[in-house]
Every structure is written in structure tokens, then in C-alpha cells.
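Good morning, and thank you for coming. Today I shall walk through one structure, beginning with a chain on its own and ending with the place where two chains meet. Please look at the sequence and the model before I continue.

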Amino acid sequence: MKYPLIFSTLAVLSLAACLPETPTATVTKDTTVDLTSFHAWPNRESTTVDVNAIGRDNMVFVIDRSGSMDWDACESNNSKRAETITALTTFIPYIPDGTAVGYIDFGTNYRITVPLETNNTAQLMAAAQNDAGEWGGTNLGAAIQVANEMLETAALEQSSTGTYRLVIITDGVADDSRKLVATVESINQTPVEIITAGFCFDSAHVLNTPEDTVYVQANNTDDLVALLESTVKTEATGFVVDFADTVLTDATE
Amino acid sequence: MMRGLLLAAVVATVLPMSASADFTDNAPSYVDNVPLGSLVTSAAQACGPQATLQVPVIDWSGDFVTVYANGGTTTDPDSMFGLFEIDANIYVQNNLVQQANDFLSCATPFARVTQGQAQLLAEVTEGTPETQMVAIYKHSFSQGDHLVVKDNINDVTDLCSATIATMRFGPHTSFMGRILSDAGCDMAAMQANGQIKLVENLTGENSPFHAIVSDPEIDAAFVVTPDMLALVDGGVVPDSKVLVSTKSLSRVISDVYVVRRDFFLANRDRVQDFTQAMFLAGEEFQGKMSGLAQGLMQDTPSLTIDQQVALDLMAATFDSVPDAVEGGFFWLDADFSGYPGNVSWAVETNPRGWLGLNNEVQVNLAALGLSDRPYTLAHAGWDYSAMTEGLQNTNVTEQPVFNASAVAALVSTQQKQGTLDSGELFSFPIYFGPDQNEFSAAQYEEDFRALVDYAQAYGGAIITVEGHADPLGFLMAKDPARFNQAGEPASRIEQRQQAQSLRNLSATRATSARDSLLEFANDVLKASMDPTQFTIVPHGIDSPATGICNGEPCAPANEAEWRENMRVVFRIIAVPTEANVFVAAN
């Protein structure tokens, strides 16, 4: 049984190469969202708009298929890959009709397994049940970048309306840490929400920064489903505050 | 159609009608605003049998159909008129006074006028039952007339203090009346102040072109396409621009035939044959012109053999058409009505039809002091269902004018570039309450009536439906302490979620307002609307009425400001010349 031994050895070597450091977010105390760049997103010219897609919700899954996902998940006797499949197959049926979904998996390479479209939940479910691993590398940053581009293209087609979510299931290991950090921090200036279902992430990880991203435990599908059902309070329902002095002070500063 | 490219091509190929003359140091002769009747010399006479019909045409591409129907200036037996056993002699007569003389004396029982001119002509025709006008046929709506302004005029409201040149009794009368009315100008005061300068001719010497080139007091002039191109693109008047064109205000200059009442009553079948032959000839001519725009866009404009033959005939008939290619460009200036357009034109409740447009024109002409009193002009009342034999297109359903996706992409790009305001002609804000998503016609009826009117008149303009949301909730969540509120400040991701949610709310609002408007137009006004004319622009909180303070929305300082932020703005925007957003032309 040499194959498993070689496989395991390669896995350890590979994992060792993949774990040089935690991709850490740039520390900032600024709590301001740059609304100018937020409203300008995506910073590309529209060539066509699908008027029927205005307001559409979009969700791209970015799924880690690297070798490290074969190790046991934290707080579980199952492998992270098995937990991922459970989480996805539990979560997918809750995705509201009309939501455009896409699916990218990555290891050494990344693949757009399911293009971002509506009415392809069955395709998504089939992709989610793929338990094949891919040893050799973990290009998480590149995969997120491509997933984000899929959302940008959708935004161009729907005048930036609707919602844009990246649902990332990973153990956080990345060969391309710099790209990952740069990509995520860039995304965090836009309407794209990064929702990471992770396996015991360090709170310093760029995908687990409460100020900018949503993080849930990958094996807690209830939290994932709750995210889908959450609504955001929008306008003030009444004019009840007296802040005229404050406003005048702000205006004169 | 690639109108922008076509315009560029026209610049390159069309010899401007007026530009060949240098009017720079040669002031035009202005003429007085006098009633048409004071210049008409013929008395009303009875109409004879008219074995050969004398049929006037004017220098307008819609009139190509009349020439084509006749096979030339005299009737070709194989032409449509020939097949209907109509013998006609066609002649060009651009002068309305001379047309009035010919009509009264029955040198011809026909008058070829715009509906604005019909109202002017009414002063001399409607007093005698025999000479009263009966409308029989509509050629087209014009898309080839323009209000060119100098650089001191920035928007339509500036026209109220401007001095404007236009042709007396010309085709632009209704165009001018509508624009000045929409701009809210006191037209009587403008006339009294001498702000409306009248000239004798449409092009060439003593034309509006001549006036704006040579008279420094003239701020604006109503001109035809070749003159517009010379003025604006050719730089004859530096920094001049088209403020409004009939490409946007596309349902205001309606070119029609009227016939004397006595002749109509005595020759109803013959007049009906004339009309039906025009429908058939028009459809055939339009078919030959299919693909014309694409051919004209080539580096070297090209025509099919059919187009060349048909347009050569026009060049031989109209002095204003030097050759077939220029005739082709000219044809594209007309929004040809055909049978479907004539059927809807005859509907009394259609505000852009014969009756509806006449009512609008009357009001504006009276305000301008160009008409002594309103006239109700008759329509032939054809049974159009009996006139369909041989026609391919009898579908009277309103066809989409715009490629909705292309319009939305254009507007999205302009929004990001901050250039959306540049083509604005008019805007109409409507207001609502917090988180309101529904717009009842009962609540907004007055606004909706006005919007339907504008949408129909400005049928070639885009209407953006721009949703806005109030930022107070966003600002309070971001910094509760600033507003004397308890609680933790929202995280950045919560702020982004809320900003995006407000954008979506604004999109929902805009969509709902548009849908309510279209429903109101359809259900209450029975008005035919083109949904592709409307495009949704979701602003969210990027352009609050309260403005932007240090990169974020300014908080409303009081309840009135708070309510001002919650609005949907309908904006009527002229399509940029370079934009390719139309489904088809002509």
C-alpha cells in the first residue's frame, strides 16, 4: 500500500508549503465606507443591461478542494471535505428561487464548474457533491478574484442592483496570501459580501474580520441559512432626531 | 440605427442647404408677425372636377412617397396612382401663402401642410364651408428639425429670455410652441418683447440659419438638419449646439395632406383611392429603403439598385435633393407613418393624433399671437379596415422604439461618468414616504398625466426613472451618537449591506413608479406607451437632495429635507448623437 503513504507524504509536504503564514487583514481603525468607490462599482463600462435582471440576487460559491481539506475538521471527526459537502447540500435547498448561483472550486488550479446563472441549482448540487481532492497547491486568492469578476459581470448586467455574495468554504490556507489579502480588501470596498464558512479560523485571518466579512463555522449550516433570511433595515421610518447643531458643526468643519 | 455615425456621415456628405452662402456680414430681413390672411390674395372659388389632380409637395422626405406613388411629377401608368387610375401632376410648393391662394382658388384641392401650418391656414379656409379642410393622410412625424442655440443658452428655461429666429408660417411653429410652453415661458411676453424674430424662408437667404449666423442678437434658431450640421458640426457658429431636436421631441411636427371639403364631398371615392394608393406606395417605398442606414454608413455610402432608382427619382423632383445618396440621408429624417400610423392618427383620443395635436397647437399658437382663435378641423373619418387590401403591415400596435438593454447600459455608463445631466430636457420629481414601494395613480394622477403627455410628445427621448432613498437611517446606524441614539456603530460590512439595500429599494421604487405610470396610461388614459422608452436608474443614497458632505450623504436637517430625499425623478433626456439605442428608424 505504497500509494496512500506517498499520498500522505505529499500531502504533508504540500500542506507545509501552504501554511507559511495566516493571510492577515491590514489593520485599520477607520470605520468609514468609501461610498464614492462603493457607488462606482464595478468600475467598468456596461455594454448591455438585462432589464429583467434588475434586483437579482447573486451568489458564487468558492469551494476549497485542496489536499488539506482531507484532514479532520476542527470539533469534528469528519474530514473538512466531508463537512463541506454536508454544509453545501444542506444549504443549497434554502437558496431562494431566482437567485443566480455559480460555483468555483480550487486547489492547484481553479475551475468555474457552474457559471453564474439562475435556475441552475441542480447543477450546483451536483458540483457540491464532488468529493475529489486536488493536491499540490491552494490558490484561494486567485479563485476569489475570478469569483468576484463573475459578480462584477453580473453587476454590469443589472445596474449594480440586487445582492452579491461570495460564499467561501475553506480552511483558510492559501499559497497566494498576498493576492488573497489584496483581493479581499479590494472587494471589501464594494457591495460584494464575503461570507466565509471556515474551519476554526484565526480571527486575524483576512476572511474572518468582523468589520468587513461575515464568518461562520462551516459545520454550522443553521448560521448559513440564517444569513440568507436576514434583512437589512433601510430607511429611517420617522424623523425623530434633533441633530441640527451637529450637522451645522460638521458642515463648517 | 447608428444615428451618431449617420450624423457624422451626413456631415461629410451633405452640402448644407444654407451654408454655401456667406451670411456673416449680411443681416437678414425680418418680417412682421401678421395674420396669414393679410397676405393671401385669392378669393374662395368653387372646385371643378380636376381631371388631373394638382398635388403639392414640399421639400420633405415624407413627400418622396407622393412622388413615388405617381412615378414622378406626372403619372406613370405603372405607378400606384396609375393603377388606381389617378392622374396627378406633382409640384413643389414650400410657400404656405401660395398654397393658401391655390387652395382657395382651387388651383388644387389639396394642401400639403404640417398640423401647425394647418392651424394657420384655418384662418382663411374655415370661414367658408366649401374651403374647409378635411384631413386625409399623414406622411410622417419629423425627426429632422432642430433648435440650435448659441453657447449662452444652457437649458430650455434659458429660452424664455432668448431671442429666437424662425420661419414665418413655417413647419417649426408647433415645435417652437411646444418647447416654449414646456419651458414655462410667457410666450405672449416674448412676442411683445420682440424675442420671436420671423424670417421669410426656411433655408438660404433670410432664413433662421442666416439670422443666427449674422445677427448677434439671435440666441437660437429653428433649422433643418443640413443647416444644423453646418452650424454645429461644421462650426459655422462656434460653440453652438442642438438644444432640442425632433429626434427627441419626435411627435410634434406632423406632415399631412388636407383636402377642400367641397372637393372631398364630391369626390370621396377618388380621395379615398388617393389615400389608399399612398398607403401602398409608402409601404413599397419603405420596403425599398430597408437597410438604407447600413448602406449609408459605409465609408463610401452605398445604395441597392432599387434604392438608387427610387432616390434618383427624388433627386430629379426636389431641388433640395442633389443626388440619391443625399436623398437617402433625407429619408432617414422622417419617422414614416404608413397605414398603422394613419390609423392611430385618426383616433380622437390620441393626444398625438390629428385632433389631439391640433388642440395642443392651437393653445400654443394663440399664446404666441400667431392664431386668432381655435379651429376644429375635420378628418375624413376613413373606414381604415376597408383600405388594407395589398398592404403587408396593418399592425397598429405601438412598436418599441428603443433597445431597452442598450438604453440601460448607456444610462448606467453616463451615471458612472456623471454625465447623465448633460442631455436633460425636463425632470419631474415625485415624493413618497419611508420604505414606500407603491405608487397609486390616485395619489399621483396630476404628475402621471403630465408625464404621459411628455413621454408621448418626446417619443425619441429616453426617460430615466431615477429612484432615490433617504440616507438618515444609514447615517444613524453608522454613528448613533451623532444623532443622540444609543447602540453600537454599524460595522463596515453592515454599512455596505445597508447602502446596497437602499440602492435596491430605490430600484424597486423606480420600477414601481414606472409600472404605475404605464398602468395609468393604459387603463385610465387609454394611451399607447412604449415601455422601452423608460429605463430604471437606482441611485440609492448617492445623490440625496440634501447633497454630499465630506464624501457621504448630508443628513437631512429637518423633516422637510428628510422627505425631499425620498423621491423618484422622471427625467426626459435627449439621446446622445453617438448612441446606438434605437431598434430601428423610419
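What radius of gyration does chain B have, and why can that value be said to agree with a compact globule? Chain B has 26 Å, and this agrees because a compact globule of 586 residues would have a radius of gyration near 25 Å. The radius is taken over C-alpha atoms, and the globule rule is 2.2 Å times the number of residues to the power 0.38.

Some ground rules come next. This is a predicted model, in which local features need pLDDT of at least 70 and side-chain atom pairs count only at pLDDT 80 or more, while totals for chains, interfaces and linings use all residues. Residues are numbered from 1 along each chain as its sequence is written, chains are lettered from A and ligands numbered from 1 in the order in which they are written, and side-chain values use heavy atoms, with hydrogens and water left out.

Let me describe chain B as a whole. Along the principal axes, its C-alpha atoms fill a box of roughly 90 × 55 × 50 Å. Its secondary structure comes to 21 helices and 18 strands. Here helices (H or I, at least four residues) and strands (E, at least two) are DSSP runs, numbered from the N terminus. Of the 586 residues in chain B, 60% are buried. Buried means under 20% relative accessible area, exposed means over 50%, and partly exposed lies in between, with a 1.4 Å probe and protein chains only. Contact means heavy atoms within 4.5 Å. Among contacts in chain B between residues at least 6 apart in sequence, 81% join residues at least 24 apart.

Chain A can be described in the same terms. Its secondary structure comes to eight helices and six strands, and from the N terminus on they run α-α-β-α-β-β-α-α-β-α-β-β-α-α. Buried residues make up 52% of its 253 residues. Of the contacts in chain A between residues at least 6 apart in sequence, 75% join residues at least 24 apart.

I turn now to individual residues of chain B. B:Asn364 is found in helix α16, residues 354–367. Is B:Asn364 buried or exposed? B:Asn364 counts as buried because its relative accessibility is 5%. Leaving aside neighbours within four places in sequence, B:Asn364 is in contact with B:Gly177, B:Arg178, B:Ser181 and B:Met187. By contrast, B:Ser290, in the loop between α11 and α12 (292–296), counts as exposed at 54% relative accessibility. The C-alpha atoms of B:Ser290 and B:Ala43 are separated by 45 Å, and the two residues are 247 apart along the chain.

Next, salt bridges. A salt bridge is a side-chain nitrogen of Lys or Arg within 4 Å of a carboxyl oxygen of Asp or Glu. The structure holds 27 of them over all chains. In one, B:Asp306 pairs with B:Lys288, the closest N and O atoms being 3.8 Å apart. This pair links helix α13 (residues 305–317), which holds B:Asp306, to helix α11 (residues 268–288), which holds B:Lys288, across 18 residues. B:Asp306 is partly exposed at 44%, and B:Lys288 is partly exposed at 24%.

Another salt bridge joins B:Arg352 and B:Glu360 at 2.5 Å, N to O, and both residues are buried. These two also belong to a network of salt bridges with B:Arg178, B:Asp182 and B:Asp453.

Finally, the interface. How many residues of chain B are in contact with chain A? The count is 53 residues of chain B, in contact with 55 residues of chain A. The size of an interface is often given as the accessible area lost when the parts come together. Chain B and chain A bury about 4300 Å² between them, 55% of it on carbon and sulfur atoms. Buried area is the accessible area (1.4 Å probe) that two parts lose on being put together, summed over both.

The rule finds one salt bridge across this interface: B:Arg492 with A:Asp212, the closest N and O atoms being 2.6 Å apart. On the side of chain B that touches chain A, the largest share, 15 residues, comes from α20(B). Thank you for your attention.
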